[in-house]
Amino acid sequence: MIRFSEVSYWHADEKVFCLQDIILEIPKGKFVAIIGQNGSGKTTVLKLAAKIIKPRKGQVIYNETYTSSDKVQIGYIPQKLGLIKHLSVSESLELGYLGV
């Protein structure tokens, strides 16, 4: 389970929130798609969930526990990075699911 508890984030060079007071819960074992317009915070949510960046306010809670550890088991395929060239999107996602 991942829970965003009133999470806010803004980039250091900006004075405007890109996410403000987000409350979100994703049950363990569920696949989630995050959709929205350009600039709506989709990538920021994913980076926060994967602990690539840290919230400026609030907490991201994993399995009912806040952890400062940088290790979490979350599959994340960024849009701008290529998948494994000889695999389909489905096959690439299976690698993450299987823990490869």
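These questions and answers concern a predicted model.

Visitor: Which element gives the largest share of the largest nonpolar core?
Guide: The largest nonpolar core has 11 residues, among them Ile2, Phe4, Val7 and Tyr9. Two or more residues come from each of β1 (2–9), α1 (42–49) and β3 (57–62). The largest share is four residues, and the element that gives it is β1.

Visitor: Which residues does Leu48 touch, not counting residues up to four places away in sequence?
Guide: Leu48 is itself one of the residues of the largest nonpolar core. Leaving out residues up to four places away in sequence, its contacts include Lys54 and Pro55.

Visitor: What is the phi of Glu6?
Guide: Most residues other than glycine have a negative phi. Glu6 lies in strand β1 and is partly exposed, with a relative accessible area of 43%. Glu6 is not a glycine, yet its phi is positive, at about 50 degrees.

Visitor: In which strand is Asp21, a residue other than glycine with a positive phi?
Guide: The phi of Asp21 is near 50 degrees. Its relative accessible area is 35%. Buried means under 20% and exposed over 50%, so Asp21 counts as partly exposed. The strand that holds Asp21 covers residues 19–26 and is β2.

Visitor: How many aromatic pairs does a search of the whole structure find, and which residues form a pair?
Guide: The search of the whole structure finds one aromatic pair. The residues that form it are Trp10 and Phe17.

Visitor: What is the arrangement of the planes of Trp10 and Phe17?
Guide: The two rings are 5.2 Å apart, centre to centre. Planes over 60 degrees apart count as edge-to-face. The angle between these planes is 90 degrees, so the pair is edge-to-face.

Visitor: Are Trp10 and Phe17 buried, partly exposed or exposed?
Guide: Trp10 has a relative accessibility of 31%, and Phe17 has a relative accessible area of 38%. Buried would require a value under 20%, and exposed one over 50%. Therefore Trp10 is partly exposed, and Phe17 is also partly exposed.

Visitor: What is the area of the nonpolar surface patch made by Val32, Ile34 and Leu46?
Guide: Three residues make this patch: Val32, Ile34 and Leu46. Val32 lies in the loop between β2 and α1. The area of the patch is about 220 Å².

Key: Residues are numbered from 1 along each chain as its sequence is written. This is a predicted model: local features need pLDDT of at least 70, side-chain atom pairs count only at pLDDT 80 or more; totals for chains, interfaces and linings use all residues. Side-chain values use heavy atoms; hydrogens and water are left out. A nonpolar core is a set of buried Ala, Val, Leu, Ile, Met, Phe, Trp, Tyr and Cys residues joined through side-chain atoms within 4.5 Å. Buried means under 20% relative accessible area, exposed over 50%, partly exposed in between (1.4 Å probe, protein chains only). Contact means heavy atoms within 4.5 Å. Patches are made of residues with over 30% relative accessible area and no salt bridge: like charges are joined within 9 Å, nonpolar side chains (Val, Leu, Ile, Met, Phe, Trp, Tyr) within 5 Å. Accessible areas come from the Shrake-Rupley method with a 1.4 Å probe; for residues, only the protein chains shown count as cover. A salt bridge is a side-chain nitrogen of Lys or Arg within 4 Å of a carboxyl oxygen of Asp or Glu. Rings of Phe, Tyr and Trp (its six-membered ring) pair if their centres lie within 6.5 Å; planes under 30 degrees apart count as stacked, over 60 as edge-to-face and the rest as tilted.
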